[in-house]
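These are my notebook entries on one structure, taken down while I had the sequence and the coordinates open. I begin with charges over rings and then turn to aromatic pairs, a sheet and whole-chain totals.

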Amino acid sequence: MLDSTEEWLGRRRPAILGKEGVSAARDRGEGALAGILNNEEDSFGVMSDNESIGDDWVDGVGEGRSDEANLSAYFRMSEGDDEDSQWQTEGLLDISPYQIKATVIGDAGAYRLQTSTSGVDEGEPGKVRSLHDLVFERSGEGVPSGLAVPAGRGSSVDVGVLHRPDRQSRQKCSIEFWYYLPKKSAIVTDIILTRRTMGSTADDLSKVSISSEKESVLWDLVLLQSGEVQFRSCGGATLLSSKNNNIGAAKVVTNNQDEEQRKDIVAYEHWNHICVVMNSRDLDLTECFVSLYMKGTEVASNSLSMLLPGYEKGDLADQSTLDDLLHKSHLIFGVNSTPGFRITEIRIWACSRSADDTQAMMYEYLNAAETKKKFKVKIKNKKGGALGKGGLASPLMDTGKGAAKSGTAFMLKGAPSLDSSGKMQLETAADASNRFSLAPPSTKQDERERKLFEVSNPSSTFKNSSDAFSISATENDKSHPLSYVGVDKSRQLTPSVEEVQQNETHPPVTSTLWDTALPLSQQVRSSAAAALIRGPPATRHFGGNRGGLPDFSGMERFGVGGVAICGSEKTIVWRDNEDPPALTYPIGASGAIVSDQMDDEGSEFLCCFLAKEKRMVVFELQSRTVVVELQMTTKLNFWRFLPPEADENTLCFMLITPVGGFHWMPLEESPRPHQVWKRGPELQGKKVVSYEEGGSNGLDDSHILSRVGLVLVTKPTGDGTLEAWIVPISGDSQASQFSEDVMGACFCQPPYFDEGPFLPLLVTVHLSHERIVVNLLTTRELSKGSIELGEAEVTQEIDDTGFEDVDYRPPSLAMGDMPEALCCSLANIVVVIVRRKGLVVAYELEDGELSLIASENVGHFVIDAVMRYSAEVGGAEIVMLLSDNEFPKDGRMVSFCFRSAV
């Protein structure tokens, strides 16, 4: 998608990315993902089974979410504006982010650039790159001629055909351009509009640019003397534009008189637009579905063989064979042309363009043609306003002496400013000494707390901004969460009688979920699959449960955030419901977490941690914008994305340090982290395994805040169970341990509550006398800001009959194999997963009871899981990452919907 960090950060300081990021990534804190992976035999960033020596595949190709994000090459021949340009010898520059070069073949004097006569929008001079035609002034019959674009293996234009499933983002391709034909009588032979070469002589341009050459051709797109266009594959298959002779006529103007022109036949003495689309997704390796569009109308399509001459299908099973065949490949335009032939506006896409989209944009220039990019400064929410109180953060003011002392926890830097030339400016690490500091309390607690968030504006102190852990809220006068009234019944997920009976009378059987899902290694490289299984550092794969928070988006929730895996030079983000599922970004980091899509525009935020520099950077991925940077001088023990309902209805990340828990809202006008709970001495030195928040103060929009946090930490004994603690959010009570032997725990919503304040219920899982027991407890507020647990309201025993001897071995995980049980909730559905047994049980919470509604045997160790509303059928859906029992560095992403909501 991007291969230049300058597109993210400007040219002033790409200090942590690209090649310089290698050294930054090598010296990382304990458990940092990149360092671990680089020591793995088959790890992300080093050679794997699917890679070979000299692997130089361009990252991000075909992984964009929009067509323009999948632009692989774009030629407007703008060099024609520069009289001093040596384009005949130096080539024509591709203005996509990949910046490859196209060169003319043969006698350079046989070509010239001329201001385009095609009718394509040239744009405003100075703001859009100019458009020129490449004019072929001599006949190319029998002599080397054409425009050659390097398309070697792994390049940005190596797309469309002969890619295995682990390169599925490259399995689609669209090539479109405008070309002008002189009068029909001047065309005495077929013209090869474009072709792709292969084999050992694929880069011998003097040979492959002769129309009679066939041995080195992967495919041809040919203009026949009859005026038809024909696609020819190396497998001997053809596709003719007039195959569908019912194509309507288009009106064109010739000699000032109207003529009816069939859309599947070219127009002479006119400009013609052609687009060939190749899609090999979900087909055999040697097959491809090809479509031809002429002037934006589909004229023919069919599945064609791409089996190379002299090869059997099995011969191409070895990846290195394909790599060798396409290593020197080129795309060549205008072979065997006639004098007066012109070509312009060449676009190559790593996606399948539709006929409608092609027709809509064939006369328009693309955004990549703009000479100056717009800088996005606000992220819109669904209602049209900016998320949070502001857009990008402005730089914070100097606080004077002592603003940045050793031992500070955070030093925040605002979003990069723009200098007079419009370039983004980022502060260096040295600049941080003049920045606002957030120091952890060590002595004189109250005084240091005020300095922790001190700024030059006296009204912006920590006490004023967060009420010193006692943020005022509407009191919760509901003494028993189970008795709340006013529930929206449309959010209840109720079982049918048949389902309950079936679950009660039939033992669990092995699920087919595993068989219907693709292995990760068939969707990404095996090294990336192994990294996905291992997971990100200091967080859960999917972040953690969210069911204890209100969900004002309801069925419209944008979905579960992605899983980010980082290397020294790039970050891959996996999303289970996207196609392709993995996107690559040229960002080197120790680890990263991803937000949900935060609005209808698809705004999504990547928060990266650089362990060596103790610095965090937040990127908005859709607009390719750096939002804010945060300098830390303390350890980061755990972090995750929290839904907007957790704090101020805006983007929120939880940062857990030795001091405590901090909410960080990067989109706020003053986006400093603010402490919402203190860790205390009893929680010091214990590894945080899981964290979530629940409840609500009942206030609206920018005043909303969760009320309680749940922290699971390891025990010194390491007996397979965890300590469980609850912490009030911005309250006045300390963290409180309520159990020392949970297998797992989570918050869930009470079954009946209105949109006012509420406290969540607590679900815990214990092993008692060799029985797995699920408890449901209330939480209550004795006084404002002080939270404690109530009594157990419901107890259920999990029936694990038949699973007594099941013990699936966990793979190597960055966060370890704790907890033993994963707990998730959504609305009134609670799911408990016994990870080593592959046992998934689901309950409905109604009328003060937990009713069993599903029991599923997935047959594999469950690495992580989270719940969401099903976008397809409604109801509660659980998304799980399962480990492969035979190949622990691989796995599959599966989802299971319990029932539709009624």
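**Charges over rings**

I looked up Arg 353 and found that it lies over the face of Trp 349, at 4.2 Å from the ring centre. The rule I applied is that NZ of Lys or CZ of Arg must be within 6 Å of the ring centre and within 35 degrees of the ring normal. I also noted Arg 167, which lies over the face of Trp 57 at 3.7 Å from the ring centre.

I record here that this is a predicted model, in which local features need pLDDT of at least 70 and side-chain atom pairs count only at pLDDT 80 or more, whereas totals for chains, interfaces and linings use all residues. Residues are numbered from 1 along each chain as its sequence is written, and side-chain values use heavy atoms, with hydrogens and water left out.

**Aromatic pairs**

I took rings of Phe, Tyr and Trp (its six-membered ring) as paired if their centres lie within 6.5 Å, with planes under 30 degrees apart called stacked, over 60 edge-to-face and the rest tilted. By this rule I count twelve aromatic pairs. Phe 609 lies in strand E27 (residues 605–610) and Trp 639 in strand E30 (residues 638–642), so the pair ties together parts that are 30 residues apart in sequence. I then checked burial (under 20% relative accessible area is buried, over 50% exposed, partly exposed in between, with a 1.4 Å probe and protein chains only). Phe 609 is buried at 12%, and Trp 639 is buried at 2%. I also noted one aromatic cluster formed by Tyr 111, Phe 136, Phe 177, Tyr 179, Phe 333 and Phe 341.

**A sheet**

I used DSSP runs for helices (H or I, at least four residues) and strands (E, at least two), numbered from the N terminus, and took two strands as paired if DSSP finds at least two bridges between them. Four strands form an open, antiparallel sheet in the order E38-E39-E40-E41. The edge strands, E38 (744–748) and E41 (786–797), each pair on one side only. Seven bridges join E39 (residues 761–768) to E40 (residues 771–783), and the partner of Val 763 in E40 is Leu 776.

**Totals**

I list twelve helices and 48 strands for the protein, and of its 902 residues 59% count as buried.
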